[in-house]
Amino acid sequence: MKFDTKCVRAAQRPDPTTGAIVNPIFQSATFVLPEVGRNLGFDYTRSSNPTRQVLEELLAEIEGMKYATAFTSGMSSVDAVMRMFKPGDHIVSSDDVYGGVIRLLNNFLAEWGLEVTYVDSSNTDEVKAAIQPNTKMIWIETPTNPLLKVTDVEAVGKIAKDAGLLFGVDSTFATPYHLRPVEYGADIVMHSTTKYLSGHNLIIGGVILTDDEKIHERMKYTQKSVGAIPSPFDCWLTIEGLKTLSLRMARHAENGMAVAKYLEAHPKVSRVSYPGLESHPMHAVAAKQMENGFSGMISFELKGGIPAGTTLMNSVELCALAESLGAVETMITHPATMTHAEVPKDEREARGLTDGLVRISVGIEDLEDILADLEQALEKV
Ligand SMILES: Cc1ncc(COP(=O)(O)O)c(C=O)c1O
């Protein structure tokens, strides 16, 4: 099956008892055993569930990887990966990762003994220089939240391979529609399925994908031991959302590029970061590794700094002032007070995440309506 067909059809079979074309929601905590020592493939939903199994098979097919393990959030997926390591182990991470990942690493896993060095992973020399004798994994996000920094996945994959390290990629912003990190050497791919994959602001979820059986067994064991599992209903909503992934991403990318160009040409905007723009410092790398466009995420700064950004965000009408991203609705966010509020100000600024930064997740509405809303809001700035 080609990618678009997989999104709609992979892992799904008509229900054998009724012929229902839509996969059922097996909303059941437990499963009756026909006899002692034998089950029909399932025993208890924390370990596995038929609806979750379809979602996991579907995600693996779409990503082009062997195994997927679904979690209750993107954060619990990242946590499951980080807990493969032991106290005293070290990882190298992109500096501009989602604020919740920094909170998890600095405030929980550091106490538990996991060491981390943050680097600008778009600079491969920095990545190489941060490797220590106790380093176990290189973890990157590309494009990053919220600065839209891009990392050369193939180059970092090679560094990881040469050093005998695992290589993990948070590919939430790109989705497998634009980028499949496994093709460039990733051992682990992670998504917050809350975002583009489910796509409709309905659920919180996450997934870990791998081709490595041992890593997969560890993920299943974590799922069963910790119990951070998505409900059957949330799995079902994600399956249904995935059916339109290609159509949605094509529109997100088309609208994203147009909004980025509009903002770049606007006299009140001082800086736009969008991997599809030639002005993006890593545009050539993004064009090399991303297919079919560059997704719908943009960050930008206004000439009037924080007050101007605040006026803009308070003036939008169609664009929703909201946390999250990657859904059909256009959403506008202030990272410094919303998604990255818990990252200390000096750390934020050292990473280039200024208080004036505005992030926009361009939705699939009519482009003219999105631009008209931004125009009326920018007039008030
Ligand atoms: C890139 C990225 N990774 C991980 C997460 C965490 O995912 P969740 O909110 O589903 O826990 C987010 C959330 O915004 C994100 O943007």
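Helices (H or I, at least four residues) and strands (E, at least two) are DSSP runs here, numbered from the N terminus. This is a predicted model, where local features need pLDDT of at least 70 and side-chain atom pairs count only at pLDDT 80 or more, while totals for chains, interfaces and linings use all residues. Residues are numbered from 1 along each chain as its sequence is written, and side-chain values use heavy atoms, with hydrogens and water left out.

**Around the ligand**
- The ligand has 16 residues around it, and Gly74, Met75, Asp170, Ser192 and Thr194 are the closest; "around" means a heavy atom within 4 Å.
- Helix H3 (74-82) and strand E6 (188-192) each put at least two residues into that shell.

**Polar contacts** (pairs of N or O atoms within 3.5 Å)
- Asp170 has a side-chain N or O atom 2.7 Å from a nitrogen atom of the ligand.
- Ser192 brings a polar side-chain atom to 2.8 Å from a ligand oxygen.
- With Met75 it's a polar backbone atom, 2.9 Å from an oxygen atom of the ligand.

**Pockets** (open sets of points on a 1 Å grid over the protein atoms alone, where a 1.4 Å probe fits, with protein on both sides within 12 Å along at least five of seven lines; lining residues have an atom within 4 Å of a point)
- The ligand takes up the space of the largest pocket, given that more than half of its atoms lie within 2 Å of the grid points.
- Of the 21 residues lining the largest pocket, Met75, Tyr98, Ser192, Thr194 and Lys195 lie nearest its centre.
- H3 gives the largest share of that lining, three residues.
- The second largest pocket has 13 lining residues, with Arg13, Asn23, Phe26, Pro50 and Val54 nearest its centre.

Key: A polar contact is a pair of N or O atoms within 3.5 Å; within protein, one must be able to donate a hydrogen and the other to accept it, and residues adjacent in sequence count only if both atoms are side-chain atoms.
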